[in-house]
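Please read the points below with the model open. They cover ring pairs, charged side chains and backbone angles.

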Amino acid sequence: MRHLKNILSFLLLSSVFLLTACDSDDSKRITTVDNPEIVALAFFDALYNEKNIEKAASVCNPKLARLILHYRSPQAVARHLFNMSYDKVEMKPDSSGVKIREQFKGSANITVYFDGYYQDKRFKEVKRLAVVQRDGKWFIDKILKDPF
């Protein structure tokens with residue numbers, strides 16, 4: 001009886017450990033990478049709203065991912081790479097028909113509009129990303145210069 005109790009305890013602890021390990025992997029990666037707009041929005045959402053640079057770096061090319069991880073905090077990435085900080089922000093992609101024409105053979109330029117607050121002041125910004133497709137998945141390749 002005592003051995004059965006020990007075995008059941010071991011199995012319960014093992015299953016809890018495995019479920020916890022599986023759950024944490026998904027929270028560190030952006031898994032929907034089949035649409036360039038969704039990748040761009042998920043990147044900025046991970047950076048500004050979730051404050052998770054590992055998740056943001058998971059959809060970048062290796063060179064950009066190293067640069068992002070070098071800063072070690074989402075606030076430093078926001079300040080140094082994008083020159084914009086937000087406490088809370090909403091993002092939306094450019095909804096005009098131009099973006100469809102910008103997708104050529106595995107690459108696209110995505111424009112994202114930001115509307116948010118930093119220290120109780122409202123800020124609106126526009127950022128552009130160059131996105132490339134590899135093996136059916138989209139990855140952020142470059143941060144483009146401001147369009148305005």
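1. Phe43, Phe44, Tyr48, Phe82, Tyr86 and Phe114 are joined into a cluster by ring pairs. Rings of Phe, Tyr and Trp (its six-membered ring) pair if their centres lie within 6.5 Å; planes under 30 degrees apart count as stacked, over 60 as edge-to-face and the rest as tilted. The model is predicted: local features need pLDDT of at least 70 and side-chain atom pairs count only at pLDDT 80 or more, while totals for chains, interfaces and linings use all residues. Residues are numbered from 1 along each chain as its sequence is written, and side-chain values use heavy atoms, with hydrogens and water left out.

2. The whole structure holds 8 aromatic pairs. One of them is Phe43 with Phe44, whose ring centres are 5.1 Å apart and whose planes stand at 70 degrees, so this pair is edge-to-face. Both Phe43 and Phe44 are buried; buried means under 20% relative accessible area, exposed over 50%, and partly exposed in between (1.4 Å probe, protein chains only).

3. A stacked pair is formed by Tyr86 and Phe114, at 6.2 Å centre to centre with 15 degrees between the planes. Because Tyr86 lies in the loop between helix 5 (74–81) and strand 1 (88–93) while Phe114 belongs to strand 2, the pair ties together parts 28 residues apart in sequence. Helices (H or I, at least four residues) and strands (E, at least two) are DSSP runs, numbered from the N terminus. Tyr86 and Phe114 are both buried.

4. Where does Lys127 lie, and is Lys127 buried or exposed? Lys127 is in strand 3 (residues 121–134) and is buried, with a relative accessible area of 7%. A polar atom of the Lys127 side chain lies 3.0 Å from the backbone oxygen of Phe82. Beyond its neighbours within four places in sequence, Lys127 has contacts (heavy atoms within 4.5 Å) that include Phe44, Phe82 and Phe114, along with Asp146. Phe44, Phe82 and Phe114 are also among the members of the ring cluster.

5. How many salt bridges does a search of the whole structure find? There are 2, a salt bridge being a side-chain nitrogen of Lys or Arg within 4 Å of a carboxyl oxygen of Asp or Glu. One joins the side chains of Glu50 and Lys55 at 2.9 Å, N to O. Glu50 is partly exposed at 38% relative accessible area, whereas Lys55 is buried at 15%.

6. Asp115 and Arg122 also form a salt bridge, with the closest N and O atoms 2.5 Å apart. Asp115 is partly exposed, at 27% relative accessibility. Arg122 is partly exposed too, with a relative accessible area of 48%.

7. Lys51 is not a glycine but has a positive phi, near 55 degrees. Lys51 sits in the loop between helix 2 (36–48) and helix 3 (53–57) and is partly exposed, at 35% relative accessibility. Asp120, likewise not a glycine, has a positive phi of about 65 degrees. Asp120 is in the loop between strand 2 (107–118) and strand 3, and is exposed, with a relative accessible area of 78%.

8. Finally, the charged end of Arg134 sits over the ring of Phe139, 4.3 Å from its centre. A charge sits over a ring if NZ of Lys or CZ of Arg is within 6 Å of the ring centre and within 35 degrees of the ring normal.

Technical notes: Polar contact = N/O pair within 3.5 Å; in protein donor to acceptor, adjacent residues only side chain to side chain.
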